[in-house]
Amino acid sequence: MTARPWWQSSVLYQIYPWSFQDSDGDGIGDLRGIATRLDYLVDLGVHAIWLSPIFPSPMADFGYDVAEYCDIDRRFGTLADFDALLASAHARGLKLLLDFVPNHSSDQHPWFVESRSSRDSPKRDWYIWRDPAADGGPPNNWISDFGGPAWTYDARTEQYYSHAFLKEQPDLNWRNPELRAAMLDVLRFWFARGVDGFRIDVLWHIVKHADFPDNPINPGWDPAMGEMHRVFQLHSTDQPEVHDIAADMRAIADAFGREGDDRVLIGEIYLPVERLMRYYGLAGEGVHLPFNFQLIDAAWDARSLARMIAEYEAALPPGGWPNWVLGNHDRPRSATKRGPAQARVAAMLLLTLRGTPTLYYGDELGMTDGVIPPDRVRDPRELREPGLGLGRDPVRTPMPWDDSPHAGFTRGEPWLPLGGDWRERNVAAEADDPHSMLALHRALLSLRRAIPALAVGAIRLLEAEGDVLAYEREQDGERIVVALNLGHDAAPVALPAGQPILSTLRGPLPSSAPSVLRPDEGLILKVDASA
Ligand code: GLC
């Protein structure tokens, strides 16, 4: 029997490199800055970090528009800085994952410059070019995720190219074998340098229907949803051919892995659970972890959460390892959605469910969405469809380290304003408070490290009544119960006899299993062997 791969018992931590720590005073985070904060992450207790893109980029979409896949953007540092960061992470026992962006490159990438130079260019077919429709308009009705047509006309060669996102992010053509080989070589380049895995950007987007049919119109569309939802992305995403490509990526990851040094692939996929599961591969040859984003938008009531957990667990293929995400650089923060008290309950949920959790930087402090004055908006999503609440700048504000000017993030002017409550809510202040959100995260992460039942044990739902959600985790006879009060009133609960070991609330722990959870209380209980 082979040992369990490290990523199953790990907690991943997402760093948004623009906003974590600046070292050179330009107001933008960088790799040397991150390196100075690794000890913070070790103390926090996470096992691996994932860096959003750090590659050379014109930053039309903040690095998700890559102009060179095998180098580092000078804003963030150099390849030497990267190697140093990786070595320091590894020296501390931290794994490091990069962000692979396979659906599109930047329009400044030399491949695209060459591709658009002429219809006969050897790289023409590395991107997706189509003739205009009969009326001269775009080839079909596909809409960019950032609004507007997913096609831009190139006057010089009189064809349209496709872009699922900005026109500065032309879609790569994964049906072209040379492009496919070149992109797979990118994975090899970084694996050979020692990275422990990748988060794969919009994996379900990377192959389009070969005939480019119109997408079906969404009859329930409302402009407030954003223009992309005007059609269903039936033909522009989630095509069967994607799985073959994911399997190629997986084979590369597996070839670089060694026992105890497995490499992991995590797919960014926003799809309903049944379709999400397919990304594990029919025989486990897909990505290791198709991201499970359900908690982000989950209705906050016990029955729907219980149903969601049960259905997800039941849908997992044999050998498929679960995972959970509460926040990321694209979605509103947990503390904004649920308020400070329930954000603590949500953190306990994230870190005690079965599966690999991903924690978004700053959520461990209870950071809320920042307020971005109109003249400081940077996100193209907001600039293109303003006022719908789709902008992502509010969740990308600088990490507040202390209450010094600019929160210890930079000695210059931060690229985005600091979040509103950074003077009270920062690492230094929370590190001194044994009941802070940071302290709660440290406690949860240290319990996960100490108790195998919490890290990798089986899960069994116990109760989903009113505001109370309770479940048990079990491993080798050791039983841990997690009971969460999702409401602001006290709630009765039926718990087995046991010893409370952590509460989301301040003050002393109950001395034995209580029959009532206090308002906003999440409680972890070690079940008595006799119970
Ligand atoms: C992913 C990223 C998002 C980016 C988009 C296009 O969804 O998470 O930030 O804008 O892909 O690359």
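Predicted model: local features only at pLDDT ≥ 70, side-chain atom pairs only at ≥ 80, totals over all residues.
The ligand is surrounded by 14 residues. D61, D201, H329, D330 and R392 are the closest of these. By class, the shell around the ligand holds seven charged, four nonpolar and three polar residues. The space that the ligand takes is the largest pocket.

Polar side-chain atoms come up to oxygen atoms of the ligand at several points. For D61, the distance from a polar side-chain atom to a ligand oxygen is 2.6 Å. D201 places a polar side-chain atom 2.9 Å from an oxygen atom of the ligand. For R199, a polar side-chain atom likewise lies 2.9 Å from a ligand oxygen. The ligand taken alone exposes 310 Å², and the protein buries 96% of that area.

Rolling a probe the size of a water molecule over the atoms shows where empty space is left. Across the whole structure, the search finds five cavities of 30 Å³ or more. The largest cavity has a volume of about 80 Å³. Its lining includes W142, I143, A150 and A164. D145, D171 and K208 also line the largest cavity. So do S162, H163, H205, Q233 and S236. By class, this lining comprises five polar, four nonpolar and three charged residues.

Seven charged residues belong to its shell. Three charged residues belong to the lining of the largest cavity.

Terms used
Residues numbered from 1 in each chain as written. Heavy atoms only, no water. Near = heavy atom within 4 Å. Polar contact = N/O pair within 3.5 Å; in protein donor to acceptor, adjacent residues only side chain to side chain. Areas by Shrake-Rupley, 256 points an atom, 1.4 Å probe, with all protein chains shown as cover. 1 Å grid on protein atoms, 1.4 Å probe; cavity = no way out; pocket = protein on both sides within 12 Å on 5 of 7 lines; lining within 4 Å. Sits in = over half its atoms within 2 Å of the grid points. Nonpolar A, V, L, I, M, F, W, Y, C, P; charged D, E, K, R; others polar. Points joined across faces, edges and corners; volume = space filled by probe spheres on them.
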